[in-house]
Amino acid sequence: MVYPNRRTFLDNGRTAFSYILKQIGNNNKILLPSYIGITDKEGSGVFDPVLENGIDYDFYNVNKDLSIDTQDFLEKIKDPEIKSVLVIHYFGFAQNDIDQLATICKEHDKYLIEDCAHSLLSKFNNKGLGSFGDASFFSLHKILPMEGGGILQINNPNIKDPEITDTGHIRLFLKFDLSKIAETRRANYLYLLEKLKLLKGIEILYPGLPENIVPLNFPILIKNKDRNEVYFEMLDREIELVSLYYRLINQINESYSNSYYISKHIINLPIHQAITFSDIDEVVEELRKIIQK
Ligand SMILES: Cc1ncc(COP(=O)(O)O)c(C=O)c1O
């Protein structure tokens with residue numbers, strides 16, 4: 001059955017996530033991916049709402065390319081205390097076969113929550129990300145030049161909508177040409193991809209760009225150098241980088257070896273709509289000088 005999409009504009013993504021958690025109730029134990037970041041400035045957009053709502057949690061493993069370790073996922077979802085599952089579509093890319101994950105969650109009678117904070121404009125099988133689970137949330141300021149803003153999307157008719165009004169973000173949101181933004185981000189990603197294929201010393205996390213995927217940025221892993229060193233050298237050379245998911249929450253320790261490795265090696269290069277091909281050439285040139293030094 002296809003549910004109508006019910007969308008509400010809120011202050012940010014985490015407020016929407018918190019609302020969903022409250023609707024599911026506090027005897028909820030949530031199954032989370034083992035790759036969740038934190039920064040001193042912003043805290044953890046994913047984990048803070050879980051802690052604030054006093055919800056118990058467990059983690060499932062991710063593979064080396066951040067996809068879900070399905071074997072571990074299928075094992076953990078059997079826990080009768082688990083009531084909900086969070087799937088994060090990292091950096092705009094759809095996680096595994098999200099349609100199939102939704103079926104698995106239904107079969108096990110668990111709520112599926114999609115974290116689309118990075119994936120406002122991406123689709124899978126011609127359906128917007130965020131439409132597969134029982135509820136989902138988006139972060140507007142990550143993709144659009146906005147101060148804040150988030151969207152809560154509820155797909156399950158048994159979850160009620162919030163009794164709140166829009167915060168003004170909706171008016172701003174409607175002004176953007178989203179298909180143009182999607183097109184530019186995809187073109188920038190593909191352009192950068194061709195350049196980076198020629199660069200030694202890095203690994204490309206997503207070496208293909210599936211149809212209808214609109215990336216947030218371009219994550220790469222720095223193989224033979226310290227990621228922090230590279231990151232700060234790039235900043236010194238006035239290359240703007242997005243610093244995202246390079247430090248994990250304390251609850252995810254080194255035993256989650258794939259997540260830990262990615263966090264220690266990741267750098268996110270810009271591909272947003274305000275950047276040009278010649279800016280991208282410069283990014284690649286500076287990166288080349290630093291990693292081949
Ligand atoms: C994966 C992910 N989910 C949720 C959030 C929270 O989004 P917002 O900053 O809009 O609250 C963030 C950002 O911090 C994020 O990176």
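I took a pocket to be an open set of points, on a 1 Å grid over the protein atoms alone where a 1.4 Å probe fits, with protein on both sides within 12 Å along at least five of seven lines. I took a molecule to sit in a pocket if more than half of its atoms lie within 2 Å of its grid points. The model is predicted: local features need pLDDT of at least 70, side-chain atom pairs count only at pLDDT 80 or more, and totals for chains, interfaces and linings use all residues. Residues are numbered from 1 along each chain as its sequence is written, and side-chain values use heavy atoms, with hydrogens and water left out.

**Ligand site**

I looked up where the ligand lies: its space is the largest pocket. I counted a residue as near if one of its heavy atoms lies within 4 Å. The shell holds 15 residues, of which Gly-13, Arg-14, Asp-115, His-118 and Ser-139 come nearest. I noted 5 nonpolar, 6 polar and 4 charged residues in this shell.

I then checked polar contacts (pairs of N or O atoms within 3.5 Å). A polar backbone atom of Gly-13 is 2.7 Å from a ligand oxygen. Polar side-chain atoms of Arg-14 and His-118 each lie 2.8 Å from an oxygen atom of the ligand. The protein covers 96% of the 390 Å² of accessible area that the ligand has on its own (Shrake-Rupley method, 1.4 Å probe).

**Salt bridges**

I searched the whole structure for salt bridges (a side-chain nitrogen of Lys or Arg within 4 Å of a carboxyl oxygen of Asp or Glu) and found 13. In one of them, the side chains of Lys-195 and Asp-281 meet at 3.4 Å, N to O.

Terms used
A polar contact is a pair of N or O atoms within 3.5 Å; within protein, one must be able to donate a hydrogen and the other to accept it, and residues adjacent in sequence count only if both atoms are side-chain atoms. On a 1 Å grid over the protein atoms alone, a cavity is a set of points where a 1.4 Å probe fits but cannot get out, and a pocket is an open set with protein on both sides within 12 Å along at least five of seven lines; lining residues have an atom within 4 Å of a point. Ala, Val, Leu, Ile, Met, Phe, Trp, Tyr, Cys and Pro count as nonpolar, Asp, Glu, Lys and Arg as charged, and the others, Gly among them, as polar.
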